[in-house]
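Me: Can you walk me through this one? I'd like to go domain by domain, then look at the chain contacts.

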Amino acid sequence: MSLVLEDVKLVANLARIKISDEEARTTLDQLTGIFYLIEQMQEVDTSTIVPMSHAQDVVQRLRMDVVTEVDQHELFQSLAPQVEGGLYLVPKVIE
Amino acid sequence: MLNLSLKQLSTLLESKKISSVELTREFLKRVEILNQEYNAFITVNEEMSLDQAYVADTMIASGEACPLTGIPIAHKDIFCTKGWLTTCGSKMLSNFISPYDAHVIERFNMTGTVNIGKTNMDEFAMGSSNETSFYGSVKNPWDITTVPGGSSGGSACAVAARMAPAATGTDTGGSIRQPAALCGVSGIKPTYGLVSRYGMIAFASSLDQGGAIAKSAADLALMLNVMVGFDARDSTSLQRDKEDYTRDLEKPLEGLRIGLPKEYFAEGMSDDVSRGVDAAITEYNKLGAKMVEVSLPNTKLSIPVYYVLAPAEASSNLSRFDGVRYGHRALKYADLDDMYEKSRAQGFGAEVKRRILIGTYVLSHGYYDAYYIKAQKLRRLIAQDFAEVFKQCEIVMGPTSSTVAFALGERSNDPLQMYLSDTYTAAASLAGLPGMSIPAGFGNRSRPVGLHIIGNYFSEAHMLNVAHQYQQVTDWHTRMPEITKV
């Protein structure tokens with residue numbers, strides 16, 4: 001398979017990264033080279049192999065359902081681009 | 001002073017021949033003079049460093065000193081450090097004063113070490129040359145026209161130029177080992193799960209692992225003694241008994257079986273690196289080790305697999321940078337989507353965007369099985385290769401990097417060439433195995449060569465022993481670049 005310009009634009013949109021036509025063309029060239037390398041994976045038959053998602057076979061730890069965090073919203077919100085009344089401000093999404 | 005080991009510095013501090021404040025001032029002075037040229041640090045804060053030094057001196061005076069109390073340590077700017085600017089090498093976090101400490105930083109603080117500054121790095125740890133940093137390239141102190149390697153290039157440079165006695169780093173596909181090799185210092189990436197990822201800004205969570213860069217294996221052992229430990233806030237942190245990583249340093253190597261994967265010694269390795277590695281193997285033979293030829297047949301797949309899995313995880317991890325709760329937000333935007341898109345387009349550099357796009361693509365509908373699941377299956381084959389090899393030997397050796405340090409700009413416009421820099425290191429990361437690089441002489445134009453040491457899971461103490469014994473009979477690790485400015 002080979003990538004086309006529309007794929008790059010679609011993926012950029014999915015990833016919420018604004019991309020100009022020129023950037024998309026440069027990116028297409030670079031990704032084409034990288035995917036050429038990635039295609040080497042298809043040479044190996046892996047039909048019987050179980051996917052490995054993680055380096056260690058560990059079981060997810062469980063904890064008691066109790067509050068462990070203290071309220072630090074003022075500290076955390078002091079880093080936010082826009083805050084009002086203890087709320088993060090974003091552009092209006094509902095008319 | 002500059003070439004003293006961590007143990008020697010500790011002894012000076014404990015015997016009150018020098019105070020932590022004096023030691024900290026000494027290193028701060030050196031950083032001030034050298035950093036303009038090398039750009040190894042993003043943030044230096046004399047006041048905060050000295051505050052910690054005063055605390056350390058009090059600890060020492062009251063007999064509460066631990067092995068590293070009072071010693072200045074440089075921290076990669078990927079570790080959240082309370083009250084310190086923590087940028088991860090990105091414009092996205094160029095205004096982020098961390099409100100909390102990473103677990104690793106907490107552990108160093110408990111020990112009473114001094115944070116000497118936050119080191120430069122490839123943006124979000126994505127790079128093998130430190131050229132993707134928003135804060136500019138780091139220079140290799142052995143030759144300032146060359147790269148220090150990456151992504152922990154600032155940490156490796158800081159140790160090589162003796163701006164810090166030791167530094168923290170992180171390794172996802174080679175980001176501790178490759179810069180350690182290119183800068184002629186020692187570096188270790190422990191077994192996945194030993195060092196908590198809490199507060200270590202995430203790149204590829206199933207691969208990211210904190211570790212250390214220092215002058216010698218003995219110093220690395222002391223660093224791991226501080227860094228390794230269970231942390232409930234990292235769901236992949238391993239619960240194990242406490243280890244003393246210095247315990248095996250002095251053991252003889254008689255009878256040690258060292259596996260040399262034939263794939264690592266095939267085409268691709270440059271002649272000067274090959275000479276350095278061969279000479280190191282000769283030393284190991286003299287130390288009583290036996291060489292065994294082994295095979296890691298899926299070696300060539302490790303780069304394709306890595307460049308599917310790491311970007312996939314990165315695209316998910318970096319979705320949190322949306323300009324809402326912290327980090328960069330575009331000044332002008334039309335609506336919410338436009339705000340996300342512009343903030344991310346402005347906040348991320350080219351390499352980070354490239355990897356997010358690769359990751360988004362391989363995880364997208366219709367390609368998930370062909371790329372992501374396929375890569376996970378091959379990851380198992382790569383891990384199984386190592387399991388077979390460790391039936392025939394205890395340690396695997398080879399080159400850390402196929403070449404010595406390359407010129408600034410040489411690979412930065414060719415992502416594919418840059419990705420191939422991780423050829424020898426990515427496989428151990430995929431398997432979750434511990435890996436090290438130690439100095440093994442010099443190649444062309446007197447640039448350092450790194451010897452790669454891979455061990456089985458949890459064999460760090462043994463690997464450090466193997467490295468330390470070599471460093472007892474060679475002096476490569478004591479060499480430092482000629483620095484005329486100071």
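**Domains, core and interface**

Reply: Chain B is assigned domain 1 (6–250) and domain 2 (300–378), with bounds taken from an automatic or database domain assignment. This is a predicted model, in which local features need pLDDT of at least 70 and side-chain atom pairs count only at pLDDT 80 or more, while totals for chains, interfaces and linings use all residues. Residues are numbered from 1 along each chain as its sequence is written, and chains are lettered from A and ligands numbered from 1 in the order in which they are written.

Me: How far apart are the C-alpha centres of domain 1 and domain 2 of chain B?

Reply: Those centres are 27 Å apart. In chain B, 20 residues of domain 1 are in contact with 17 residues of domain 2 (C-beta atoms, placed from the backbone, within 7 Å).

Me: And which residues touch the most other members of the largest nonpolar core?

Reply: B:Ala158, B:Val159, B:Ala164, B:Ala166, B:Ile213, B:Val308 and B:Ile453, out of 156 residues in that core. A nonpolar core is a set of buried Ala, Val, Leu, Ile, Met, Phe, Trp, Tyr and Cys residues joined through C-beta atoms within 7 Å. Buried means 20 or more other C-beta atoms within 10 Å of a residue's own, with C-beta atoms placed from the backbone.

Me: Where does that core lie relative to the two domains of chain B?

Reply: Between them, because domain 1 and domain 2 of chain B both give residues to this core.

Me: Switching to the interface. How many residues of chain B are in contact with chain A?

Reply: 53 residues of chain B, against 41 residues of chain A. Helix 12 of chain B gives the most to that side, with 11 residues. Helices here are DSSP runs (H or I, at least four residues), numbered from the N terminus.

Me: What does helix 12 of chain B pack against?

Reply: Its buried residues pack against helix 2 (21–38) of chain A, together with helix 9, helix 11 and helix 14 (426–431) of chain B. Among those buried residues are B:Tyr371, B:Tyr372, B:Leu378 and B:Phe386.

Me: Where does helix 12 of chain B bend?

Reply: At B:Lys374, by about 25 degrees. The bend is the angle between axes fitted to the seven residues ending there and the seven starting there.

Me: What about the bend in helix 2 of chain B?

Reply: That helix bends by about 35 degrees at B:Glu32. After helix 2 of chain B comes B:Asn39, with a positive phi near 60 degrees.

Conventions. Buried ≥ 20, exposed ≤ 12 C-beta atoms within 10 Å, placed from the backbone. Contact = placed C-beta atoms within 7 Å. Helix = DSSP H or I, 4+ residues; strand = E, 2+ residues; numbered from the N terminus.
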